[in-house]
Amino acid sequence: MTLAQIRALLKRAGIKTTESIDRIDVKYFAGNAVGIDVMLTAGGVTYVPIEK
């Protein structure tokens, strides 16, 4: 998964580009990316599914 794909997912989920992000985990199933977990520095966690 590329940085451009991750940025597009964040934008679609409504996460602002100025939001402080601690970590992003890409979730895989059977070798295919199915979504990302976004951990915010403020303590929130958001799951963003990848639409195919």
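Buried means under 20% relative accessible area, exposed means over 50%, and partly exposed lies in between, with a 1.4 Å probe and protein chains only. This is a predicted model: local features need pLDDT of at least 70, side-chain atom pairs count only at pLDDT 80 or more, and totals for chains, interfaces and linings use all residues. Residues are numbered from 1 along each chain as its sequence is written, and side-chain values use heavy atoms, with hydrogens and water left out. The protein chain has 1 helix and 3 strands, in the sequence pattern α-β-β-β.

**Overall build**

- Helices (H or I, at least four residues) and strands (E, at least two) are DSSP runs, numbered from the N terminus.
- The radius of gyration of the protein chain, taken over C-alpha atoms, is 11 Å.
- Along the principal axes, the C-alpha atoms fill a box of roughly 30 × 20 × 15 Å.
- Of the 52 residues in the protein chain, 23% are buried.
- Contact means heavy atoms within 4.5 Å. Among contacts with a separation of 6 or more, 24% link residues 24 or more positions apart.

**Helix α1**

- Helix α1 spans residues 3–12, and Ile6, Leu9 and Leu10 in it are buried. Seen down the axis of α1, the buried residues fall within an arc of 100°, so they line one face of the helix. That arc is of the directions from the helix axis to the C-beta atoms.
- An α-helix has 3.6 residues a turn, so residues three or four places apart point the same way.
- Exposed residues Ala4, Arg7 and Lys11 sit on the face of α1 turned away from its buried side.
- The cover over the buried residues of α1 includes β1, β2 and β3.
- Gly14 follows α1 and has a positive phi, near 85°.

**Sheet**

- The sheet is open, with 3 strands in the order β1-β2-β3 and antiparallel pairing. Strands β1 and β3 stand at the edges with a single partner strand each, so one side of each lacks a neighbour in the sheet. The twist averages 20° from one strand to the next.
- Two strands pair if DSSP finds at least two bridges between them.
- Antiparallel strands β1 and β2 are joined by 8 bridges. Ile21 has Leu40 in β2 as its bridge partner.
- Antiparallel strands β2 and β3 are joined by 5 bridges. Gly35 has Pro49 in β3 as its bridge partner.

**Turns**

- Ala30 lies in the loop between β1 (21–29) and β2 (32–40). Its phi is near 55°, a positive value in a residue other than glycine. Ala30 counts as exposed, at 68% relative accessibility.
- A hairpin is formed by β2 and β3, with 4 residues between them. Gly43 in that turn has a positive phi of about 115°.

**Core**

- A nonpolar core is a set of buried Ala, Val, Leu, Ile, Met, Phe, Trp, Tyr and Cys residues joined through side-chain atoms within 4.5 Å.
- The largest nonpolar core has 8 residues: Ile6, Leu9, Leu10, Ile15, Ile36, Val38, Leu40 and Val48. At least two residues of this core come from each of α1 and β2.
- Val48 touches Leu9, Arg12, Ala13, Gly35 and Ile36, not counting residues up to four places away in sequence.

Note on methods. Axes are lines fitted to C-alpha atoms, for helices over the stretch in contact, and angles run from 0 to 180 degrees between N-to-C directions. The radius of gyration is taken over C-alpha atoms; the globule rule is 2.2 Å times the number of residues to the power 0.38.
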